[in-house]
Amino acid sequence: MAVRVGVVGVGMIGKEHLRRLQRLSGLCEVTAVSDADISAAQAMAVERPGVAVYPSGLDLIGARDVDAVLVTSKGSTHAEYVLAAIAARKPVFCEKPLATTQQDCQRIVDAEVACGRRLVQVGFMRRYDAAYQSLRKLVADGTIGRPLIFYSAHRNPSVPASYTSDMAIHDTAVHDIDVARWLLGDEVVGITVATPRRNSRGGTLRDPILIQMEMSEGAVANIEVSVNAAYGYDIRGEIVGETGVATLAESNPVVVKHNGNFCGHVPGDWRERFNPAFDREIEDWVRSVAGDSATGPSSWDGYAATVATGAALEAVTIRRRVSVTMAGRPNLYT
Ligand code: NAP
């Protein structure tokens, strides 16, 4: 039977995930939507006969025609909805961040552990990107020996006026932080943030930044976030191992050589770069719901990322290294 999904938050990414769900007809159907902006939810429902509009996300989560919930409202609202979904024993896909504070993430982990099975998947879509998956496999296979350093660069051509300096850490670098943990199979124990000379294109924005994360087994992850890079959306990743180096390749299919130069296309934005990964992520979630157990990035991954972004925000404020202390990882997530 198709999984009946309710979507909480039909803003930018909510609409995109809703379209992804609709392409999975047979596996799932969208039966309900909700948004703080009720007219946005109604507009979604008008275009889609059979989709009910609920006055609040909590009403939607409790509804009988909703088997599973996709949370794409703004980050500060995620914890309440994820906790409600766990209480209702309904699988929930939550866009990043799982929650904006370590305490709320801990409450979610505790609630899921008490429930005794995985119900939560967090939207770290890079784990579904084919290039990152190849990189991880190389590390896991031991092809380049024990990993020593992970270099990651996250460059946006520009950002809207509403983008703040702290968002470079909790909104942008959070993906690099998650992928560092995933590729290295290790947890963060210390964070330092360097702030080079500002890019004048960003006005007063603290941009770029360099986050250095020490991992518990000694590897180091160096993350550059540049949000006024001008030339395109560029995601770079390289792992230096004891016996080799593995690097994410350029993603364009054609390189042009002409007049003594060679060049290729740089993606324009994160959608162009990661759309296939988003598609796989949502399909994997729906299939895992049908199979009765979440398998993707977990509440623990959401917790660890929020702890690390919190430490990075502290490090940039106090201009010193910050030790990262996490709770013990429950067996549910091993
Ligand atoms: P958005 O366009 O602002 O959409 C969020 C929607 O949620 C808005 O319609 C907002 O309504 C609504 N909302 C606010 N409070 C709510 C509440 N209490 N209950 C229900 N709906 C509520 O934001 P977005 O860009 O789609 O981002 C949504 C989430 O996805 C964020 O957590 C973001 O970090 C994440 N995201 C992840 C990726 C990724 O790469 N994985 C990419 C983009 C976004 P109002 O406008 O009236 O407040």
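Author: Between domain 1 and domain 2, nine residue pairs are in polar contact, with both residues of each pair at pLDDT 80 or more; the model is a predicted one. On the side of domain 1 that touches domain 2, two elements give two or more residues, namely α5 (102–115) and α8 (270–290). Of the elements on this side, α5 gives the most, with six residues. Sorted by class, the side of domain 1 that touches domain 2 holds nine nonpolar, nine polar and seven charged residues.

The count of salt bridges between the two domains is one. A salt bridge joins the side chains of K96 and D171, with a distance of 3.2 Å from N to O. K96 also takes part in a cis peptide bond, which links it to P97 with omega at about -5°. The loop between β5 (92–94) and α5 is where P97 is found.

The extent of the meeting can be stated in residues and in area. In domain 1, 25 residues are in contact with 16 residues of domain 2. The size of an interface is often given as the accessible area lost when the parts come together. For domain 1 and domain 2 the buried area is about 1700 Å², and 63% of it lies on carbon and sulfur atoms. Three residues, K96, F124 and M125, supply 35% of the area that domain 1 buries against domain 2, which is more than any other three residues supply.

The domains themselves are each made of two stretches of the chain. According to the domain assignment, domain 1 comprises 3–125 + 276–298, while domain 2 comprises 127–269 + 305–333. Their C-alpha centres are 27 Å apart.

The strands give further context. Strands of a sheet pair through backbone hydrogen bonds, either parallel or antiparallel.

Strand β7 (residues 147–155) pairs in both senses. With β11 (residues 234–241), β7 runs antiparallel, and eight bridges join the two; R155 has D234 in β11 as its bridge partner. With β10 (residues 220–226), β7 runs parallel, and the two are joined by seven bridges. In that pairing, Y151 has N222 in β10 as its bridge partner.

Two further points concern the backbone in loops. A cis peptide bond, with omega at about 5°, joins D207 and P208, and P208 lies in the loop between β8 (188–194) and β9 (209–215). N259 has a positive phi of about 55°, although N259 is not a glycine. The loop that holds N259 runs between β13 (256–258) and β14 (261–263).

How values were computed
Residues are numbered from 1 along each chain as its sequence is written. This is a predicted model: local features need pLDDT of at least 70, side-chain atom pairs count only at pLDDT 80 or more; totals for chains, interfaces and linings use all residues. Side-chain values use heavy atoms; hydrogens and water are left out. Domain bounds come from an automatic or database domain assignment. Contact means heavy atoms within 4.5 Å. Buried area is the accessible area (1.4 Å probe) that two parts lose on being put together, summed over both. A salt bridge is a side-chain nitrogen of Lys or Arg within 4 Å of a carboxyl oxygen of Asp or Glu. A polar contact is a pair of N or O atoms within 3.5 Å; within protein, one must be able to donate a hydrogen and the other to accept it, and residues adjacent in sequence count only if both atoms are side-chain atoms. Helices (H or I, at least four residues) and strands (E, at least two) are DSSP runs, numbered from the N terminus. Ala, Val, Leu, Ile, Met, Phe, Trp, Tyr, Cys and Pro count as nonpolar, Asp, Glu, Lys and Arg as charged, and the others, Gly among them, as polar. Two strands pair if DSSP finds at least two bridges between them.
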